[in-house]
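Student: I would like to learn how to read the features of a model like this one. Please start with the terms.

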Amino acid sequence: MSTSLNIALIIGSLRKESINRKFAELMVSQMPESVVIEEVHIADLPVYNQDYDDTTIDSYERVRKQLKGADAVLIVTPEHNRTMPAALKNVVDIASRPYKESVWTHKKVAVVTASPGSFGGINSGLDVRKSMQMLSAQMMIDPEIHLSRAIDSLNDDGSVSERTQKFLQRFVSDFVDFAGQTSE
């Protein structure tokens with residue numbers, strides 16, 4: 001890849017010690033040098049309200065600008081109560097508004113979920129896909145990554161196990177290829 005690729009990273013967990021953040025940071029470290037990653041911080045976003053559509057909210061505008069300028073978006077998220085976390089749903093809604101100004105339209109998006117539970121956050125991932133499909137985003141379908149018992153993928157020092165690193169490297173390679181494809 002000769003030109004740079006701009007990727008927006010959204011981490012669905014707001015926790016400082018989030019396991020999803022650890023996996024996201026590992027994937028970022030595995031990206032080729034030609035890929036520029038910019039994290040979209042979502043903790044400071046007021047809860048979306050349609051009444052805000054005619055108002056300028058700096059944090060909303062920052063997020064919309066970051067997502068609009070990205071070639072693709074990588075979402076790494078846990079599952080909360082069998083769906084996507086509220087903070088992630090909030091940014092999805094913010095970036096879809098105002099009406100007919102959604103930044104998600106035709107945006108390339110991939111989702112990775114990780115959970116300490118047995119299902120790996122699959123419901124969260126499916127709900128993200130469902131929302132993105134409705135918003136006309138171009139979802140990366142294969143490979144799907146839902147890391148179950150994700151704590152077992154971490155070493156005692158909190159680093160990601162070698163086995164999981166190799167697994168995620170394959171995803172990163174496929175994601176970079178997907179993100180770099182031109183639409184036809």
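Tutor: Buried means under 20% relative accessible area, exposed means over 50%, and partly exposed is in between (1.4 Å probe, protein chains only). By that scale Lys100, with a relative accessible area of 71%, is exposed. This is a predicted model, in which local features need pLDDT of at least 70 and side-chain atom pairs count only at pLDDT 80 or more, while totals for chains, interfaces and linings use all residues. Residues are numbered from 1 along each chain as its sequence is written, and side-chain values use heavy atoms, with hydrogens and water left out.

Student: Where is Lys100 found, and what is its phi?

Tutor: The general idea comes first. Most residues other than glycine have a negative phi, and most peptide bonds are trans. In this model, phi of Lys100 is near 70 degrees, a positive value in a residue other than glycine. Lys100 is found in the loop between H3 and E4; such labels are DSSP runs numbered from the N terminus, helices (H or I) having at least four residues and strands (E) at least two. Arg149 also has a positive phi, near 45 degrees. Arg149 sits in the loop between E6 and H5 and is partly exposed, at 45% relative accessible area.

Student: Which peptide bonds are cis?

Tutor: A cis bond joins Arg97 and Pro98, with omega about -5 degrees. Pro98 belongs to the loop between H3 and E4. The bond from Asp142 to Pro143 is cis too, with omega near 5 degrees. Pro143 is in the loop between strand E5 (138–139) and E6.

Student: How do I read a nonpolar core, and which residues have the most contacts inside the largest one?

Tutor: A nonpolar core is a set of buried Ala, Val, Leu, Ile, Met, Phe, Trp, Tyr and Cys residues joined through side-chain atoms within 4.5 Å. The largest one here has 30 residues, and Ile7, Phe23, Leu74, Phe171 and Phe175 have the most contacts inside it. Two or more residues come from each of strand E1 (5–11), helix H1 (19–29), strand E3 (72–77), strand E4 (108–114), strand E6 (145–147) and helix H5 (162–180). H5 gives the most, with seven residues. Apart from this core lies another, of 29 residues, among them Ala8, Leu45, Ala87 and Val111.

Student: What is Phe23 in contact with?

Tutor: Contact means heavy atoms within 4.5 Å. Leaving aside neighbours within four places in sequence, Phe23 is in contact with Ala114, Leu147, Ala150, Ser153, Leu154, Val160, Thr164 and Leu168.

Student: How many aromatic pairs does the structure hold?

Tutor: A pair of aromatic rings is described by the distance of the centres and the angle of the planes. Rings of Phe, Tyr and Trp (its six-membered ring) pair if their centres lie within 6.5 Å; planes under 30 degrees apart count as stacked, over 60 as edge-to-face and the rest as tilted. The structure holds two such pairs. Phe171 and Phe175 form a stacked one, 6.1 Å centre to centre with 5 degrees between the planes. Because they are four residues apart in helix H5, Phe171 and Phe175 are separated by about one helical turn. Phe171 is buried at 2% relative accessibility, and Phe175 is buried at 0%.

Student: How do I read two packed helices?

Tutor: Two packed helices are described by the angle between their axes and the distance between the axes. Axes are lines fitted to C-alpha atoms, for helices over the stretch in contact, and angles run from 0 to 180 degrees between N-to-C directions. Helix H2 (residues 58–69) and helix H3 (residues 86–95) have axes that come within 9 Å and cross at roughly 80 degrees. Angles under 35 degrees count as roughly parallel, over 145 as roughly antiparallel, 65 to 115 as roughly perpendicular and the rest as oblique. H2 and H3 are therefore roughly perpendicular to each other. Tyr60, Val63, Arg64 and Leu67 in H2 meet Val91, Ile94 and Ala95 in H3.

Student: Is Leu67 buried or exposed?

Tutor: Leu67 is buried, at 0% relative accessibility. Leu67 and Val91 are 24 residues apart in sequence and 10 Å apart in space, C-alpha to C-alpha.
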